[in-house]
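Subject: Handing over the structure

Hi,

Here is the structure I promised to pass on to you. Have a look at it first, and then read on for what was found in it.

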Amino acid sequence: MSRSLQGEVIGITATPAIQAFVKAGIAYELIEASPARRLLEIRENKDRVCSIGLYKTQERESYGKFTKPISQDSAMVGFANASFHPPKGVSLDAILADANTTVLIKNAIVYGPYLEQKFVTMKAIRMPTSAEYGQLIKMIQLDRSKLTFLPYEEVMYYARQEGFKESDFNIIHFKGMPAGEMRYVMCSMSVEDETIARLNSFIRN
């Protein structure tokens, strides 16, 4: 997400979600929060709250409500330090099998079944973090970890936000990487089913 020159929140997921709220005539207030914080508020179910652009998982469906998908990520890419140059055409399996490679993995983020299954058996060093995306980009740039995984459009957005260019990093596109995950508006159980239905009627597929 970002802001227009007029200060409006815009983005691949933000724009269609906000438009759905407006067209459905549902009053809302936008509050910035980390993914972990947003999920906690939804799980606590103390208020009628929703979050824009979350991934759907079986666990999350147990304590929240989801609209129809509002967008789909591009395929995940390896976002690596500029000094990290594996052989051209190297497979994802080969990189994750290297015990000398550190992989930065953001907490409370869904990477999709393809990557998450690979993380379970990888020999590379897992480096968990709760840092926000801008800090994550800086950590890679400072070589605190060799690489992480993000949808390509998010890589470029956050790199630009921090004043970096694509040439400041090594972007690795992996053969066989599936299409990105769908993103949704996720709401607490206090949000009425009627409200979810009204949003769905104005979300384009």
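Let me start with a pocket. The second largest pocket has a volume of about 160 Å³. Keep in mind throughout that this is a predicted model. If you want to find this pocket on your screen, select H85, P86, P87, K88, G89, V90, S91 and L92, together with N170, I172, H173 and K175, which line the second largest pocket. Sorted by class, its lining has five nonpolar, five polar and two charged residues.

How many cavities of 30 Å³ or more does the structure hold? There is one. The largest cavity contains about 50 Å³ of space. Its lining is made up of Y55, M76, I109, Y111, Y133, F149, L150, P151, E154 and R183. By class, eight of these lining residues are nonpolar, none is polar and two are charged. Which element gives the largest share of the lining? That is strand 9 (residues 147–151), with three residues.

As a reminder, strands of a sheet pair through backbone hydrogen bonds, either parallel or antiparallel. Strand 6 (residues 76–81) and strand 9 run antiparallel and are joined by five bridges. Within this pair, A80 stands opposite L147 of strand 9.

V110 sits in the loop between strand 7 (102–106) and helix 5 (113–121). Is V110 buried or exposed? With a relative accessible area of 10%, V110 is buried, because the cut-off for buried is under 20%. Leaving out residues up to four places away in sequence, V110 touches Y55, T57, R60, M76 and E116. V110 and L54 are 56 residues apart along the chain, while their C-alpha atoms are separated by 8.7 Å.

V49 is in another loop, the one between helix 2 (35–44) and strand 3 (50–54). Its relative accessible area is 22%, so V49 counts as partly exposed. Not counting residues up to four places away in sequence, V49 touches E41, I42, M186, C187, S188 and V191. From V49 to R144 there are 95 residues in sequence and 36 Å in space, C-alpha to C-alpha.

Finally, N200 lies in helix 8 (residues 193–200). N200 has 18% relative accessibility and therefore counts as buried. Setting aside its neighbours within four places in sequence, N200 is in contact with T67 and K68.

Enjoy exploring the model, and do write back with any questions.

Best wishes

Terms used. Residues are numbered from 1 along each chain as its sequence is written. This is a predicted model: local features need pLDDT of at least 70, side-chain atom pairs count only at pLDDT 80 or more; totals for chains, interfaces and linings use all residues. Side-chain values use heavy atoms; hydrogens and water are left out. On a 1 Å grid over the protein atoms alone, a cavity is a set of points where a 1.4 Å probe fits but cannot get out, and a pocket is an open set with protein on both sides within 12 Å along at least five of seven lines; lining residues have an atom within 4 Å of a point. Grid points are joined across faces, edges and corners, and a volume is the space filled by probe spheres set on the points. Helices (H or I, at least four residues) and strands (E, at least two) are DSSP runs, numbered from the N terminus. Ala, Val, Leu, Ile, Met, Phe, Trp, Tyr, Cys and Pro count as nonpolar, Asp, Glu, Lys and Arg as charged, and the others, Gly among them, as polar. Buried means under 20% relative accessible area, exposed over 50%, partly exposed in between (1.4 Å probe, protein chains only). Contact means heavy atoms within 4.5 Å. Two strands pair if DSSP finds at least two bridges between them.
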